[in-house]
Amino acid sequence: MSNGHGVLKIALMVMMYYPLSIGLTFYQKWFIKNYGLPLFCVTGHYFTKYAVAIVVRYVFECFRAKRVRLSIHDQLRWLASIGVCASMDIGLSNWALEYVTVSLYTMAKSSSIIFIVAFSLLLRLERWRPSLGLTATLIATGLFLFTWQAAQLDMLGLLLVELAAASTGVRWTVSQLVMQREDQATSLRHPLDMVIHVQPWMVVAILPLLFVFEGGELTLTRIFMYEKEYQPLRVMFLITFGGLLAFLMEMSEYLLLVHTSGITLNIFGIIKEVMTLLLAHQLNGDRLSNINLFGLLLCLLGMTIHGLSKRHSKSAPRTASPTSLHSNGGDSDRKFLLSNDGESA
């Protein structure tokens, strides 16, 4: 593939990812504000995504070869952790939107880079560098200043976002380990395969939270109540529409993860966060003080340094694959990832 063709391909993916990601954030904020029951809404999204993925796979298999299907044992080894953490990430993020503004949510969620760095070091996907410490310090300090004496700050909402950020770290680190194999293609490099295999574990993880925190409200009358009126068709349509947006966004995320490096994905995230904050300020009237803005700049500076450092390390010669587990049993533990059909995303 030529460089120009590769850049164009990634640009098209980004053009799909940005509107979906930013749009879903504002859509969920609007819908949850009028509907409530954020965990029930997210659970509906999971079932919608799984149903759509199954239908797409069926249509695909009518014209192409049968797609890969992993055993429960293989899923438990790697994919269960991705599904559980993805569920916590999405579920807690939507829950937090009940309590915090989009601006605070966006910047607080940016601390996920700290967790991604930590888990990357733990799994030996990254080597320790001073720039990693500088990045973590800048983002942590920026987050603190961004929430300093903020009238719009809600501690419960901030805690939920930070728990979601920690889940993000595990989710994307392990996803990168599974999907970004430099030595050979993997059977789960296709985003559709990842979505199908991960969704059931996301449902398993969210159901306990749903019944514990919203179980007492789950009556037919309450579920179909929207803006104090009984509107079952409208509720089902809005939840299903949100699930379709979530499905398309998740597919675009996995596409970017397969075709770019982690650093490229982080840089795209930085740009998306700036766009989200600007939109939130214009649409929702979110207020940012000078201290908050300084914290925002520190966070963005930290993420930029992290991105440039990773790009530099990617261009430097390496003696070992970053995806190596440095263990004798690593290849056997991941043998189920070998491609049977050799198809790329």
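Tutor: In this predicted model, R171 is in contact with I82, C85, A86, D89, I90, E250 and E253, leaving aside its neighbours within four places in sequence. One of these, D89, also makes a polar contact with R171, side chain to side chain, at 3.1 Å. R171 itself lies in helix 7, which covers residues 155–179. Its relative accessible area is 4%, under the 20% cut-off, so R171 counts as buried.

Two packed helices are described by the angle between their axes and the distance between the axes. Helix 7 and helix 10 pack with their axes 10 Å apart, at an angle of about 55 degrees. That angle makes helix 7 oblique to helix 10, and the crossing is right-handed. On the helix 7 side the contact is made by R171, W172, S175, Q176 and M179. On the helix 10 side it is made by E250, E253, Y254, L257 and V258. E250 and E253 were also named above among the residues that R171 touches.

Helix 7 has another partner in helix 5, residues 112–122. The axes of helix 5 and helix 7 come within 8 Å and cross at roughly 40 degrees. These two helices are therefore oblique to each other, and helix 5 passes helix 7 in a right-handed crossing. Here S112, F115, I116, F119 and S120 of helix 5 meet E162, A165, A166, T168, G169, V170 and T173 of helix 7.

Now the nonpolar core. The largest one has 46 residues, and those touching the most other members are L79, I82, V178, M179, L188, M194 and Y254. Helix 2 (38–63), helix 3 (72–96), helix 4 (102–109), helix 7, helix 8 (191–214) and helix 10 each supply at least two residues of this core.

Helix 4, another contributor, is mostly covered, with eight of its eight residues buried. These are V102, S103, L104, Y105, T106, M107, A108 and K109.

Helix 10 can be followed to another residue, V235. Helix 10 runs over residues 232–259, and V235 is found in it. V235 has a relative accessible area of 1%, so it is buried. Not counting residues up to four places away in sequence, V235 touches Y35, I223, F224 and Y226. V235 and M225 are ten residues apart in sequence, and their C-alpha atoms are 7.6 Å apart in space.

Most residues other than glycine have a negative phi, and most peptide bonds are trans. L37 has a phi near 45 degrees, a positive value in a residue other than glycine. K228 has a positive phi as well, near 65 degrees. L37 is found in the loop between helix 1 (3–35) and helix 2, whereas K228 is in the loop between strand 1 (225–226) and strand 2 (229–230). L37 counts as buried because its relative accessibility is 3%. K228 has a relative accessible area of 82%, over the 50% cut-off, so K228 is exposed.

Last, the whole chain. The protein has 13 helices and two strands. Buried residues make up 53% of its 345 residues. Among contacts with a separation of 6 or more, 87% are between residues 24 or more positions apart.

Terms used:
Residues numbered from 1 in each chain as written. Predicted model: local features only at pLDDT ≥ 70, side-chain atom pairs only at ≥ 80, totals over all residues. Heavy atoms only, no water. Helix = DSSP H or I, 4+ residues; strand = E, 2+ residues; numbered from the N terminus. Buried < 20%, exposed > 50% of the residue type's maximum accessible area, 1.4 Å probe, protein only. Contact = heavy atoms within 4.5 Å. Polar contact = N/O pair within 3.5 Å; in protein donor to acceptor, adjacent residues only side chain to side chain. Core = buried A, V, L, I, M, F, W, Y, C linked by side-chain atoms within 4.5 Å. Axes fitted to C-alpha atoms, helices over the stretch in contact; angles between N-to-C directions. Parallel < 35°, antiparallel > 145°, perpendicular 65-115°, else oblique. Left-handed = near helix turned anticlockwise from the far one by under 90°.
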